[in-house]
Amino acid sequence: MRKFWRCHVCNDIHYGIFPPELCPTCKVEFGYIEVSSQEARKIMSISETTMSKEDFVAAIHRFTKMREFNVNPDQERVEMLTGGVFTCEQSQGLKYCPCRMIERDFESDLSLICPCNFLQHDTYKDKPDGECWCGLFVKKETT
Amino acid sequence: MSHYILFHGRECPHCKKMMPLVDKLIAEEGAEIDQREVWHDEKNADLMRSYKDIIKAKCGGQLRVPTFLNAETNEVFCGEVEYEKLIKWIS
Ligand code: SF4
């Protein structure tokens, strides 16, 4: 089961099955201690961040930088899809995929938050010109 | 109400591409298609979820849009398809 972990040096919060061995913020080794979800949420409440559609587009571009895929160069498609993602966030509270429907099973629906783990999609895997189901991400050309 | 149901999403590029073909199917073949937009209409989303098992079995284990369903035979397919496949769907 996933739990919350707190870096005892810098109060970084991690949510996962295991704590990170190296704190990505302060670089201390083996510095994470298990904490309650209540403590973790309290600490995280210090930072209230928002994300506009433009921020999201910038974030997905950064996300692709070191990966084997790009954001689709078709800007109209990206505009349409990010519009959909934000519509879903407005109505459902999370940036769900606009090309699939949630099942109302919160845990399994988490796999539909954009970007999803599309590397598993039949439209992407083992295909030289693969893309995520919606075509927001496309495989980089290998020359 | 028609038993040919199309589940689609307003912001889904595959749906956008398929819509002119669906319009053509209606205009040229006189097809009656029950078109259900699912991300802006909770009732339509619930209807789609009520066919969850049938749809998931044919659509990569997911509720993908566009989904073309024959609610009488439970025949289902999803995504961008050729016009000929749509004709077969309604015949
Ligand atoms: S299929 Fe593409 S657009 Fe849909 S959630 Fe996954 S990454 Fe986002």
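**The contact between the chains**

Reply: Contact means heavy atoms within 4.5 Å; by that rule, 22 residues from chain A and 21 residues from chain B take part. This is a predicted model, in which local features need pLDDT of at least 70 and side-chain atom pairs count only at pLDDT 80 or more, while totals for chains, interfaces and linings use all residues. Residues are numbered from 1 along each chain as its sequence is written, chains are lettered from A and ligands numbered from 1 in the order in which they are written, and side-chain values use heavy atoms, hydrogens and water being left out.

Me: How much area do chain A and chain B bury between them?

Reply: Buried area is the accessible area (1.4 Å probe) that two parts lose on being put together, summed over both. For chain A and chain B the value is about 2,000 Å², with 59% of it on carbon and sulfur atoms.

Me: How many salt bridges does the rule find across the interface of chain A and chain B?

Reply: A salt bridge is a side-chain nitrogen of Lys or Arg within 4 Å of a carboxyl oxygen of Asp or Glu. The rule finds 5 across this interface. Among the salt bridges of the model is that of A:Asp122 with B:Arg64, whose closest N and O atoms are 3.0 Å apart.

Me: What span should helix H3 of chain A have?

Reply: Helices (H or I, at least four residues) and strands (E, at least two) are DSSP runs, numbered from the N terminus. The expected span of a helix is 1.5 Å times one less than its number of residues. Helix H3 of chain A (residues 75-92) has 18 residues and should therefore span 26 Å; its end C-alpha atoms are 25 Å apart, which agrees. After H3(A) comes A:Gly93, with a positive phi near 90°.

Me: Against which elements do the buried residues of H3(A) pack?

Reply: Buried means under 20% relative accessible area, exposed over 50%, and partly exposed in between (1.4 Å probe, protein chains only). The buried residues of H3(A) include A:Val78, A:Leu81, A:Val85 and A:Phe86. Their partners are helix H2 (53-64) and strand S4 (69-71) of chain A, together with helix H1 (13-29) of chain B.

Me: Where is A:Cys10 placed?

Reply: A:Cys10 is in the loop between strand S1 (3-7) and strand S2 (13-16) of chain A. It counts as partly exposed because its relative accessibility is 30%. Leaving aside neighbours within four places in sequence, A:Cys10 is in contact with A:Cys23, A:Thr25 and A:Cys26.
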